[in-house]
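Dear colleague,

Here is the structure I promised to pass on, together with some notes on what came out of going through it. Please read the notes with the model open beside them.

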Amino acid sequence: MSPRSGTPPPETRLLKKLWSAMPMYGPDLSGWVCAFQSINFASRHCALLIFTVLSLQLLLFLSTRSLPSSLFIFRRPAVTVGIAVAPAPATAAPCDYGLLYVYDIPPKFNKELITDCSGLNPWVSRCDALSNGGFGARAADLAGIVPDSLMSSWFSTDQFIAELIFHRRLLAHRCGTRNPSAASAFYIPFYAGLAVGKHLWSSTSTSHERDRTCTDLLRWIDSQSPWRKSGGWDHFITLGRITWDFRRSHDRDWGGSFLHMPGMANVTRLLIERNPWDDRDVGIPYPIGFHPQSAAEVREWQAFVMNRTRSTLISFAGAARASIKDDFRGLLLSECAGAGGACRAVDCSGGRCGNRSAETLSLFLDSVFCLQPRGDSFTRRSMFDCMVAGAIPVIFWRRSAYEQYTWYLPGEEEEAGQWSVFIDRREVRSGAVSVRGVLDGIGEEKIRRMRGRVVDLIPKLLYARAEEGLDEGMEDAFDVAVQGVLRRFHQGNGYRQ
């Protein structure tokens with residue numbers, strides 16, 4: 001018989017003691033016990049039922065303690081039906097290679113040169129070329145040639161304008177600092193290309209006049225603490241012209257002597273054409289007319305040029321040099337003329353091409369290959385116009401590309417053959433090969449693969465319009481250059497060994 005008193009039986013006291021150790025797993029059982037007692041269940045039946053219930057809950061309690069807690073945390077599946085989702089890559093700190101400091105130099109070395117835009121060239125004003133932060137005037141002549149949605153990103157950009165582009169972007173760089181003591185790299189925003197360029201075609205400028213602004217700049221920077229501390233080993237500069245415009249050896253020679261001045265011996269220089277035997281020179285792409293605002297614009301352009309129908313096998317934009325004996329450009333123009341409809345040329349004599357890009361861009365957009373002999377120097381802006389249009393460049397001098405832009409264009413023979421065709425100019429001159437014969441021998445499938453590689457390279461050949469650069473982590477030519485300089489300094493390659 002069950003006890004009549006209000007004292008609970010021993011089994012009930014035991015259950016209540018056990019339950020008190022597990023308050024999270026259910027309500028207090030005393031109410032259950034009283035309810036069972038009130039309907040005259042035998043005490044052993046009541047105790048047995050309660051003990052069974054409690055045993056089940058006790059087993060649940062013990063089992064959950066032995067399982068990893070991660071099983072009870074909801075996680076979004078990493079794979080959806082039919083689509084493999086790659087894990088997100090670890091995000092590197094944006095300034096792993098240190099901070100950079102941009103000198104605030106006297107305006108005579110940059111701002112006043114822009115103010116004097118009408119006096120920078122003896123024949124024409126350069127004010128239009130220097131407008132829009134150096135991008136130049138809007139390229140209204142491209143209407144109907146490029147997609148309407150991208151018209152606002154095309155400009156008539158001068159090829160010698162990199163100094164302005166880099167200065168503007170560096171002032172907004174995510175790794176910039178106003179504290180020189182915290183910096184590991186120092187940028188000199190001197191527009192040396194404009195300062196020297198204004199004297200290059202003047203019949204009255206002396207060697208002293210060509211060098212005066214450069215000499216004054218070195219005198220000024222020699223008074224700055226970071227410079228005196230390192231001797232310039234952690235400093236860099238953009239020079240908007242080719243390296244040879246700053247390497248005059250004798251007074252009567254071409255150009256200025258800025259890069260032969262002792263103060264420049266340790267400085268890293270970004271140039272559109274470098275001296276392959278000077279490791280302080282770094283080759284950067286020539287500025288061209290397309291300056292996208294976003295990664296989406298770049299992808300739209302890539303799709304446009306990749307899928308375009310091309311009606312011409314070979315193209316060439318350039319002019320013969322009648323004053324040069326055995327002029328190779330003239331030879332190519334003659335071969336092009338003899339190829340009939342397989343080759344089209346735009347004669348750029350008399351400055352016809354200049355910064356107006358409609359005729360040349362149309363040519364390259366319709367072409368499979370574009371011929372890129374050396375220009376007045378070993379490099380040409382035309383190669384970048386050609387590649388951004390999705391055409392495959394045909395190179396005749398290794399110094400025109402493979403030994404120039406090593407941070408941008410793969411130069412080893414096997415890799416270079418994925419995005420370009422190399423034909424030795426000497427074999428063309430001798431008649432051992434013909435340009436058309438070589439290009440006719442490249443099959444359609446290989447051409448498509450090569451075009452795809454060219455199109456993949458496009459983002460790093462452009463200078464974005466946005467001050468902060470392209471979004472979605474896409475790097476442009478500026479990003480590649482600055483990251484390369486910071487990496488060089490961080491690894492000690494910019495310092496005295």
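In what follows, a residue is called buried when its relative accessible area is under 20%, exposed when it is over 50%, and partly exposed in between, with a 1.4 Å probe and protein chains only. This is a predicted model, in which local features need pLDDT of at least 70 and side-chain atom pairs count only at pLDDT 80 or more, while totals for chains, interfaces and linings use all residues. Residues are numbered from 1 along each chain as its sequence is written, and side-chain values use heavy atoms, with hydrogens and water left out. Helices (H or I, at least four residues) and strands (E, at least two) are DSSP runs, numbered from the N terminus.

Salt bridges come first. Taking a salt bridge as a side-chain nitrogen of Lys or Arg within 4 Å of a carboxyl oxygen of Asp or Glu, the count comes to 20. In one of them the side chains of Asp 116 and Lys 198 meet at 3.2 Å, N to O; Asp 116 lies in the loop between helix 4 and helix 5 and Lys 198 in helix 6 (residues 192-200), so the pair ties together parts that are 82 residues apart in sequence. Asp 116 is partly exposed at 30% relative accessibility, and Lys 198 is also partly exposed, at 26%.

Another salt bridge joins the side chains of Arg 247 and Asp 278 (2.8 Å, N to O). Arg 247 sits in the loop between strand 3 (235-239) and strand 4 (268-271) and Asp 278 in the loop between strand 4 and strand 5 (281-283), 31 residues apart. Arg 247 is buried, with a relative accessible area of 12%, and Asp 278 is buried at 16%. Asp 278 also forms a salt bridge with Arg 269, with the closest N and O atoms 2.8 Å apart, and Arg 269 is buried as well. Through shared partners, salt bridges join Arg 247, Arg 269, Asp 278 and Asp 281 into one network.

Arg 126, in the loop between helix 4 (111-115) and helix 5, is likewise buried, with a relative accessible area of 12%. Counting contact as heavy atoms within 4.5 Å, and leaving aside residues up to four places away in sequence, Arg 126 touches Cys 117, Leu 120, Asn 121, Asp 158, Phe 160, Ile 161 and Leu 194.

Now to the helices. Helix 11 (residues 358-365) is mostly covered, with six of its eight residues buried, namely Ala 358, Thr 360, Leu 361, Leu 363, Phe 364 and Leu 365. Among the elements that cover these residues are helix 9 (295-306), strand 6 (312-318) and helix 12 (382-388).

Where helix 5 (residues 162-171) meets helix 17 (residues 477-490), their axes come within 11 Å and cross at roughly 70 degrees; axes here are lines fitted to C-alpha atoms, for helices over the stretch in contact, and angles run from 0 to 180 degrees between N-to-C directions. Helix 5 and helix 17 are therefore roughly perpendicular, given that angles under 35 degrees count as roughly parallel, over 145 as roughly antiparallel, 65 to 115 as roughly perpendicular and the rest as oblique. The contact involves Phe 166, Arg 169 and Leu 170 of helix 5, and Phe 478, Asp 479, Ala 481 and Val 482 of helix 17.

With best wishes
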